[in-house]
Amino acid sequence: MPFSLIPSRLFQRYQEVTPELLQRAGVTLLLSDLDFTLAPKSVRQPDSALRAWIAAMKNAGIQVMIVSNNRSGTRVTEFCADLGIPYQGHAGKPSTRGLKAAMARGGTGREHTAMLGDKLLTDMLAANRAGVLALMVEPLGGAATPWQKVLHALQAPFKAVCRRRTENP
């Protein structure tokens with residue numbers, strides 16, 4: 001299991017992760033964080049843009065599953081039910097157990113799986129340790145608290161490495 005905080009690819013928003021991009025990478029299962037990745041934490045229901053994105057993934061044959069560290073499953077349960085997608089709760093990221101359980105549920109191996117998230121220390125580290133494609137987005141809603149601002153600043157060098165790698169393959 002490689003210990004790396006560097007994502008495979010960086011995106012501004014989840015909508016930039018298209019079905020075509022995933023299909024070219026051989027991905028049939030997209031695992032995704034919820035909070036700050038697909039919606040700000042304060043948002044209780046999916047918006048029309050997220051619904052359309054999920055529908056496009058489904059139409060392309062790509063299964064989407066939320067993998068969340070949320071302690072309270074209520075919001076995640078309701079959010080995913082509204083979208084008609086499954087979720088793996090109490091994932092324990094950066095542990096790989098939640099990602100492995102989600103892949104088992106989805107019937108897909110790591111070579112056909114990607115993880116989408118907004119945090120290096122949980123989402124990207126778990127993805128890299130599990131051997132799946134690590135896709136990172138800028139957090140929706142931005143860094144609001146002082147702690148979030150510190151975390152974002154600490155992520156900058158790792159994101160820069162990713163940008164250099166993708167610009168000069």
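**Helix packing and the parallel sheet**

The axes of helix H2 (residues 48-59) and helix H3 (residues 73-83) approach within 10 Å of each other and cross at roughly 60 degrees. Since angles of 65 to 115 degrees would count as roughly perpendicular and those under 35 degrees as roughly parallel, H2 and H3 are therefore oblique to each other. The structure in which they lie is a predicted model. On the H2 side, the contact is made by Leu50, Arg51, Ile54 and Lys58, and these meet Phe79, Asp82 and Leu83 in H3.

Strands of a sheet pair through backbone hydrogen bonds, in either a parallel or an antiparallel manner. Here, 6 strands form an open sheet, with parallel pairing, in the order S1-S6-S5-S2-S3-S4. Strand S1 (9-11) and strand S4 (87-88) stand at the edges; each has a single partner strand, so one side of each is left without a neighbour in the sheet. The partner of S1 is strand S6 (residues 133-137), to which S1 is joined by 3 bridges in a parallel arrangement. Within this pairing, Arg9 is placed opposite Leu135 in S6. Helix H4 (residues 97-106) packs on the sheet, where it touches strand S2 (29-32), strand S3 (63-67), S4 and strand S5 (113-117). The direction of H4 makes about 150 degrees with that of S3.

S2 and S3 run parallel and are joined by 4 bridges; in S3, Gln63 is the bridge partner of Leu29. The side chains of S2 are divided between two directions: Leu29 and Leu31 point one way, whereas Leu30 and Ser32 point the other way. All four of these residues are buried.

Is Thr113 buried or exposed? Its relative accessible area is 1%, and a residue counts as buried when that value is under 20%, so Thr113 is buried. Leaving aside residues up to four places away in sequence, Thr113 touches Leu29 and Leu31, and also Val27, Met103, Thr108, Val132 and Leu133. The side chain of Thr113 additionally has a polar atom that lies 2.8 Å from the backbone oxygen of Gly109.

How values were computed: Residues are numbered from 1 along each chain as its sequence is written. This is a predicted model: local features need pLDDT of at least 70, side-chain atom pairs count only at pLDDT 80 or more; totals for chains, interfaces and linings use all residues. Side-chain values use heavy atoms; hydrogens and water are left out. Two strands pair if DSSP finds at least two bridges between them. Contact means heavy atoms within 4.5 Å. Axes are lines fitted to C-alpha atoms, for helices over the stretch in contact, and angles run from 0 to 180 degrees between N-to-C directions. Buried means under 20% relative accessible area, exposed over 50%, partly exposed in between (1.4 Å probe, protein chains only). A polar contact is a pair of N or O atoms within 3.5 Å; within protein, one must be able to donate a hydrogen and the other to accept it, and residues adjacent in sequence count only if both atoms are side-chain atoms. Angles under 35 degrees count as roughly parallel, over 145 as roughly antiparallel, 65 to 115 as roughly perpendicular and the rest as oblique.
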